[in-house]
Amino acid sequence: MEKMILNETQKSEAQKVAEKTVFSVLLALSFSHLINDTIQSLIPAIYPLVKDSLHLTFTQVGLITLTYQLTASLLQPLVGLYTDKNPKPYSLAIGMGFTLAGLISLSQAHHFYLVLFSVALVGVGSSVFHPEASRLAYMASGGKHGMAQSLFQLGGNAGSSLGPLFAAMIIVPKGQSSISWFSLAAILAIVVMLNIGGWYKKNTHRIRSKSKEVVAHAQLPKSKVVFALGILLILVFSKYFYMASMTSYYTFYLISKFHVPVQSAQIYLFIFMFAIAAGTFIGGPVGDRIGRKYVIWISILGVAPFSLLLPHANLLWTSVLSVFIGVILSSAFSAILVYAQELVPGKVGMIAGLFFGLAFGMGGIGSAVLGKLADKTSIEYVFQVCAYLPLIGLLTGLLPDLERSKK
């Protein structure tokens, strides 16, 4: 009897520990994500530089993005599915090792195909990092899944915003070889990830307890789950196809339409990417409070008025509108990811890999298609066409209300 009481007490204490939000791990993940995405954002940030030095077309610029995004996307669901069954605590550090190798190779890439090889290595690193890091954020969330994903995404999007700034300050004046300096940041991230891996190894029980908790709330029929996932995937398509026009071609748009110098265009891109970081942090906690469906609805459809105005604005208003677009549009992803994880309980890594992978894949395909379109028409025409993509957000109305299904 005493042993039974003791066991129940131990289980209760273990459950309380599992329910606590571990902010030290979340902050370390966010910091690692910042470094990871800072390095990745150097790729589009140097496009104007390599386009001139290697005499590339917009189509070739799009192919660089496509190569990176495909290697970053195709492996992610597979990595997530595998690690759902076989957790790999130190895989984050291994992934950053691939990124480090790609970074060093990119700094010395003076041929188009070597650039493709270099960005492919960075993509492999990303495909390992994102599903596992997202799982860790879920484990350390203490039930505050939206907040945890937003904090994790905040680091990544803050890092993405720093890439253009570093490009303007360091890479443009110093040249492509200066990219190798950022290998120090990659080494620092590997050290942090090794420490996180130690915590991960000791706390795999957290993901199991949370999976059981979510299963208790999930009551939707399989057909509705599949339908809802299909809607979410279309919304991700809308979001990241439009995002591709901004991250890959916004600097070219500013240079072409307003004749701003390359360094100034990088600063404007930094402003847009910083707005994305701010919006990402807002979306998760708001989704925890008012419901993720409403955040998704507001985030994607709410961008439409600003995206439709952008091609007709002057330089000042283009900058202002880009801030609204970045803040509103980026608030959706954390809500979409957690909503999908609640739809398919017990598959945290696979769902994270699928949606991160789709995000990268759509960005890559979008960049390649839009690059081809820009070569045939103009960069200004690309922005006029992409302005209508956020209207796809109307499909959010077809998503089931998970908050009601839990009651």
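**Figure 1. Overall make-up of the predicted model.** The protein has 19 helices and zero strands, where helices (H or I, at least four residues) and strands (E, at least two) are DSSP runs numbered from the N terminus. This is a predicted model, in which local features need pLDDT of at least 70 and side-chain atom pairs count only at pLDDT 80 or more, while totals for chains, interfaces and linings use all residues. Residues are numbered from 1 along each chain as its sequence is written, and side-chain values use heavy atoms, with hydrogens and water left out. Of the 407 residues, 58% count as buried; buried means under 20% relative accessible area, exposed over 50%, and partly exposed in between (1.4 Å probe, protein chains only). The accessible surface of the protein comes to about 16600 Å², and 69% of this surface belongs to carbon and sulfur atoms; accessible areas come from the Shrake-Rupley method with a 1.4 Å probe, and for residues only the protein chains shown count as cover. Among contacts (heavy atoms within 4.5 Å) between residues at least 6 apart in sequence, 85% join residues at least 24 apart.

**Figure 2. Helices α4 and α11.** Two packed helices are described by the angle between their axes and the distance between the axes. For α4 and α11 the angle is about 150° and the axes are 11 Å apart. Axes are lines fitted to C-alpha atoms, for helices over the stretch in contact, and angles run from 0 to 180 degrees between N-to-C directions. α4 and α11 are therefore roughly antiparallel to each other; angles over 145 degrees count as roughly antiparallel, under 35 as roughly parallel, 65 to 115 as roughly perpendicular and the rest as oblique. Their crossing is right-handed, a crossing being right-handed if the near helix is turned clockwise from the far one by less than a right angle, and left-handed if anticlockwise. On the α4 side, Phe 58, Val 61, Gly 62 and Thr 65 meet Ser 248, Tyr 249 and Phe 252 of α11. By class, this contact of α4 with α11 has four nonpolar, three polar and no charged residues (Ala, Val, Leu, Ile, Met, Phe, Trp, Tyr, Cys and Pro count as nonpolar, Asp, Glu, Lys and Arg as charged, and the others, Gly among them, as polar).

**Figure 3. Helices α11 and α15.** Helix α15 covers residues 315–330 and packs with α11 at an angle of about 165°, the axes being 12 Å apart. α11 and α15 are therefore roughly antiparallel to each other, and α11 passes α15 in a left-handed crossing. The residues of α11 in this contact include Tyr 242, Met 243 and Met 246, and those of α15 include Leu 315, Ile 325 and Leu 329. The contact of α11 with α15 divides into ten nonpolar, four polar and one charged residue.

Figure 4. Most residues other than glycine have a negative phi. His 55 has a positive phi of about 55° although it is not a glycine. The loop that holds His 55 lies between α3 (47–53) and α4 (58–74), and His 55 is exposed at a relative accessible area of 68%. His 259 also has a positive phi, of about 60°, and is found in the loop between α11 (222–258) and α12 (262–290). With 66% relative accessibility, His 259 counts as exposed.

**Figure 5. Surroundings of Gly 95.** Gly 95 is placed in helix α6 (residues 91–107) and is buried, with a relative accessible area of 1%. Gly 95 touches Gly 125 and Val 128, not counting residues up to four places away in sequence. The C-alpha atoms of Gly 95 and Gly 123 are separated by 9.4 Å, and the two residues are 28 residues apart along the chain.
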